[in-house]
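Please keep the sequence and the structure in view while reading.

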Amino acid sequence: MTDVLDVALRLLVVFVVFLTFPLLVGQTEHKVMAHMQGRVGPMYAGGFHGWAQLIADGVKFAQKEDVVPAGADRRIFQLAPAVALLPYLLVLLAIPIGPGEGAVGQVLDAGVFFVLAVMGVGVLGSLMAGWASANKFSLLGGLRTAAQLLAYELPMLLTAASVAMAAGTVSLVGILDAFEWWWLPWQITGALVFFVAGLAELQRPPFDMPVADSEIIFGAYTEYTGLRFALFLLAEYAGIVVLCGLTTVLFLGGWHGPWGADGLGWVWTLLKTAVLAFVVIWLRVSYPRMREDQLQKFAWTLLVPLALAQIALTGVVKVVFL
Amino acid sequence: MSTAATAGALTAGTLRRAAESPGFLSPTGVEITFLLVGLVTLGAAVVTVTTRQLVHAALWLVVALGGLAIEYLLLTAEFIAWVQVLIYVGSVVVLLLFGLMLTRAPIGRSPDADSGNRPVALAVAVVAAGALVWVVVDAFRTTWIDLDGAPSGTTEVTGASLFQHWVLPFEALSVLLLAALVGAIVLSRKANAGSEPGASGEPGAPGVKDTAPPGTATGVTRARRDQEGDR
């Protein structure tokens, strides 16, 4: 009975994190962007800094009519948001937040493979949406999404493999147990490549060519309204949480901290994740969108060679010095 | 008389083996789940090859491949299961969808996508399935996975056997993949050089006009050409 209770409790916690953290990131994005660009936006709802505006937005989304275009492939059109969102919920299950087996939703033997595999599935949602909308802009968005995924999946996998080589395991918990502070400079190239490739996979600026709102009107999501559109937005923010959490776990030592690691491991994890999420938002405000051909060139001629160099470096250090 | 005797002996043998093996006559939850997921996978696979909507076929393929991954999980082969999702669902199907969208992916039925080879395909499929079922059942009839014992499909076990006992096939496969890679580059170079002077459209993307403005194809090919030039 205690086993069942334990599993239920873990699932509940992960679900609550899944529901709240993306919203927190979304609200932070509103506020950080507002202050960085000197346009404060709605400041009255709820009192302090207009915090309740997010809830008002949610209510607005829920009230809107759910429109399916006449020419669309109805079932796939309606299924797409779920396919885009659910993988991130599954990934959250495997990300350890503190030391020991008590601080992770489910300990997985092949954790790195699991998270990367399931994250890749989420992109299918965008592809389904882009195709099923019966809209040229949506199809263009879907095409660009697919091209981007194919280009950036490889450097992401290669850098994750570099960390797995360093730790000698593909389990996320195992990688954290093996972590030493000097991995930080050792794997820094891999960390940057992983983070940038992850940003591209989430289609966040400056890699948001597939959704480019001023050119192809939000790409695959052009025809979506109301709650389904909100689900796509939620998927994007859940993706930010997952990417930052993963970068923290793989490259920044997760629950390891310079001091006070006893019992406070989860604080370190959350702190690092939050800082990375801030960087994601910062990049959106400060970098212009890259062109489609620049995107492809960036991945194939810069990120992949860098990732391969990182793997070579990891191998040499592992064999010669350890 | 003799046939009845052999049949009786066979039945007795099967029954004895069934009684010896754990849980054949009283299926456990895992076995029932395995069977149900198998049925879903089979159904999705059949729909994949029979549906007349191209993109639906690709999406049903996702269901079939995902079902296979779950079957691997139930057989305790965790590593293989996640690799299956990563490679097939995450990359191969995305590539497939990309190709479909780039060429022709109409919403609704596409009756012209039928090659008229249904009977032959059915015959090949039945023969292949029959041979596989026969051989696999015959080989692993009495093999059971001990769920409570040491894990048998973890990354560590898989890696050790792959790189200790199966290194040669593994390396041979990688040489094969390398050859495919080089071949792909050679082919794409040739096509590129042939259509260089004054070519308005790329011959590789004929059906684009059905679904997308012509700008799509030229944009993508221009990007590709830029890459080629850099290489």
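A residue is counted here as buried if 20 or more other C-beta atoms lie within 10 Å of its own, the C-beta atoms being placed from the backbone. In this model, which is predicted, buried residues by that criterion make up 17% of the 231 residues in chain B. Among the contacts in chain B that join residues at least 6 apart in sequence, 61% are between residues at least 24 apart.

Chain B also meets chain A, with 32 residues of chain B in contact with 35 residues of chain A. On the side of chain B that touches chain A, at least two residues each come from α3 (54-74), α4 (78-103) and α9 (215-230) of chain B, and the largest share, 15 residues, is that of α4(B).

Within chain A, helix α8 (residues 188-202) packs against helix α12 (residues 292-321) at an angle of about 145 degrees, their axes lying 9 Å apart, and the crossing of α8(A) and α12(A) is left-handed. On the α8(A) side the contact involves A:T189, A:G190, A:V193, A:V196 and A:A197, which meet A:L303, A:L306, A:A307, A:A309 and A:Q310 of α12(A).

The table gives the residue classes of both contacts.

| Contact | Nonpolar | Polar | Charged |
|---|---|---|---|
| α8(A) with α12(A) | seven residues | three residues | no residues |

Technical notes: Residues numbered from 1 in each chain as written. Chains lettered and ligands numbered in written order. Predicted model: local features only at pLDDT ≥ 70, side-chain atom pairs only at ≥ 80, totals over all residues. Contact = placed C-beta atoms within 7 Å. Helix = DSSP H or I, 4+ residues; strand = E, 2+ residues; numbered from the N terminus. Axes fitted to C-alpha atoms, helices over the stretch in contact; angles between N-to-C directions. Left-handed = near helix turned anticlockwise from the far one by under 90°. Nonpolar A, V, L, I, M, F, W, Y, C, P; charged D, E, K, R; others polar. Buried ≥ 20, exposed ≤ 12 C-beta atoms within 10 Å, placed from the backbone.
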